[in-house]
Every structure is written in structure tokens, then in C-alpha cells.
Amino acid sequence: MPASSNAAVVEVKHLTKHFPIKKGLFIRKQTGAVRAVDDVEFEIRDGETLGLVGESGCGKTTVGRVILGLESPTSGSIMFRGDDLTKQSPAKLRALRRDMQIVFQDPYGSLNPRMTVESIVMEPMEIHGVGSASERKARVAELLEKVGLDPDYRKRYPNEFSGGQRQRIGIARALALNPKLIICDEPVSALDVSVQSQVVNLLQDLQHELGLTYLFISHDLSVVKHISDRVAVMYLGKIVEIAPKSELYANPLHCYTQALLSAIPLASTGPRRKRIILQGDVPSPLNPPSGCRFHTRCPNAQSRCRSEEPAPTEVSPGHIVACHRYC
């Protein structure tokens, strides 16, 4: 495995992404905004896997898309290996994107059905002008073998493969340019349970072999526990807790984190974990609650929580929580 340092590959500071809502037939006026991501901060260190978890609609996928430049941030900064991605020229940003790739959630929709496997994996190299035609073909064969597929499959089309095989093709495409950072956006949620572990193990093996850094986005806390080094928990556009994996799963502090962990199915026949049932529905990101965004569902909410937003507080080394009980 290539040597890795403890330096941050990605540093996200005060990242905000609002999607404007406009109405009007001829003159489109903004009448509101979906506050998908609000003042998010975290870092991803060299060679580690940061798990980003939360309910559907909490903003975790939007965070990944903004880091990659697929969406423009409303405000904030994204430092990637010392360069602020929000302040780069298109030419410089294009060069930096070679080092950032993504594995999509849907292994069926993310591959062009009219392209062969060879064309799909080769496409990033063609776009960035990497190697000659013969070198690209050799690279495709190497990548297919690396992800556990027969290089002879390169002339086949995506419809000839299973879901797990298609996701392996997507991983091979993400590796084509030797990236430093790979954002895995729910990469196993659409796969059969028997295949999920194979893909997760493949991602870990590739990380150890190539020195990759992952942002692993998922709602499955069992998978996140298996692959992550640290875990960040999002709720309604905010990160409410972030900690090393062992610390977060053994000692969750935020009530939302505790509720999520209580829902993980247990395979053992021993005493069952007490399930925490949250009351009410998730508020709309169009009009999030004032103060702590979780206070409408929190069993320990106080009057302060309704009016004052809690500041992220480090309660132990590397364990940060945004809750008034720890401020």
C-alpha cells in the first residue's frame, strides 16, 4: 500500500447549498429555497474512509456532488490538497477533477447501455488525453482484472452483466485516471445483500493497494461500520455528530445518532437493543425549524433548543457533537 500521511485531502468549511424555488410564467422570481446543505464542516484525511450517514433527503448526496463540482455551492470553501475548488478557473478545475471520481448508486443507470465496457472505462482517459489508444486498451484490461472481471468482457455491453458486475465496471471507470479521492454515493444500496459484502471488500482492497481516500455516503449504518474510519451524521442539512467509528458506535451522544444506531438489526440471539422511536416527521428543508433542527423530534429538547442553534463542540479527541447538552 502506498504511504499515506495524516494530512487532510479534503477540507470543507461552512459549505452551504440552497436550491432556489422560482415561480412566474414570464418573469421568474425566487420565492424560497430548499436548504439542502447548511454550514457544513468536515475534513477527510489522506488514506481514510469518512462515512457520511443520515436519512434520505438529509443532504449527504448533495455534499458529495458539490465537492465534485457537479453542483455549485451557495457559499463556503472546499479545499482539495491545498486548492480551493470554489475559486479555480475552468481549466484548473478540469485538471483537478482527474484526482476526484465518483461511484454512483445505480449500477444500471450510471452506465451508457450503447457503449461497450471498454468504451465506458476508456472514456475518462480519452476526455483527459491520457495515453495512446493502445495504452488505453491495455489500461482497461488491467482495470477489469483489478476489479475482478475477465478482461475478455471488454467488448460486451452493460445489459450482459449482473448488478454487482456493473458496479465493478463503475469502480473500474472511477479508477481509470488514478484518482486520489473517490466519492462512493450509496454504492451498494441497489445490490443484493450477498453481493454487497463483495463490493465493500473490493473497495477496501483497492484502498489498501492504491492508497485511496473515500467519502462513503450511505444510509446503511452496518455497511458504514464495516468500511469507515470515521463517521459523520447528517440531519436536515447539518452535521450533528462526527467521531472515530469505534467511538461513535460505542458512545453515540446526539439523540439522532442514538436513534439511528438503535435501528440496526442485530444477528445475535442475546439481549435486544432498546429501539428509540422518533416522534413526528422530518421537517421540510424549505422551512427548517429555528434553533436546533432536531428539536421537533428530540425527546430531550428544552426551550433553549427551540431558539438557539447549538455550536459543534469537541467533547473528546475527534468526537464532535452539535447539542446543547454538551456545549
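This is a predicted model: local features need pLDDT of at least 70, side-chain atom pairs count only at pLDDT 80 or more; totals for chains, interfaces and linings use all residues.
**Entry 1**

I began with helix α5 (residues 163-175), which lies across β6 and β7 and runs at about 175° to β6. Residues are numbered from 1 along each chain as its sequence is written, and side-chain values use heavy atoms, with hydrogens and water left out.

For the element names I used DSSP runs numbered from the N terminus, with helices as H or I of at least four residues and strands as E of at least two. Angles run from 0 to 180 degrees between N-to-C directions, with axes as lines fitted to C-alpha atoms, for helices over the stretch in contact; contact means heavy atoms within 4.5 Å.

I then looked up helix α1 (residues 60-68). Helix α1 lies across β3 (49-53), β6, β7 (181-185), β8 (213-218) and β9, and runs at about 150° to β8.

**Entry 2: the 8-strand sheet**

I traced an open sheet of 8 strands with mixed pairing, in the order β6-β7-β8-β3-β9-β10-β12-β11. Its edge strands are β6 (100-103) and β11 (313-316), each pairing on one side only. From one strand to the next the twist averages 20°. Two strands count as paired if DSSP finds at least two bridges between them.

**Entry 3: β10 and its partners**

I checked β9 (residues 230-235) against β10: 6 bridges join them, and they run antiparallel. M234 stands opposite I239 in β10. The hairpin of β9 and β10 has 2 residues between the strands, and L236 there takes a positive phi near 50°.

With strand β12 (residues 319-321), β10 pairs over 2 bridges, also in the antiparallel sense. Here E241 stands opposite V321.

I also looked at burial, where buried means under 20% relative accessible area, exposed over 50%, and partly exposed in between (1.4 Å probe, protein chains only). In β10 (residues 238-244), 6 of the 7 residues are buried, so the strand is largely enclosed by the rest of the structure.

**Entry 4: the 4-strand sheet**

I found 4 strands in an open antiparallel sheet, ordered β2-β1-β4-β5. β2 (29-45) and β5 (83-84) stand at the edges with a single partner strand each, so one side of each is left without a neighbour in the sheet. Strand β1 (residues 8-23) is joined to β4 (residues 75-80) by 5 bridges, antiparallel. I noted T16, whose bridge partner in β4 is S75.

**Entry 5: Q204**

I located Q204 in helix α6 (residues 193-210). At 16% relative accessibility, Q204 is buried. Leaving aside neighbours within four places in sequence, Q204 is in contact with H226 and I227. A polar atom of the Q204 side chain lies 3.2 Å from the backbone oxygen of H226.

**Entry 6: cysteines**

I searched for disulfides, taken as pairs of cysteine sulfur atoms within 2.5 Å, and the count comes to 0. For C184 the closest cysteine sulfur is in C58, 17 Å away, which is too far for a bond. C184 is buried, with a relative accessible area of 0%. The sulfur of C292 is 5.9 Å from the closest one, in C305, again too far for a bond. C292 is buried as well, at a relative accessible area of 13%.

Note on methods: A polar contact is a pair of N or O atoms within 3.5 Å; within protein, one must be able to donate a hydrogen and the other to accept it, and residues adjacent in sequence count only if both atoms are side-chain atoms.
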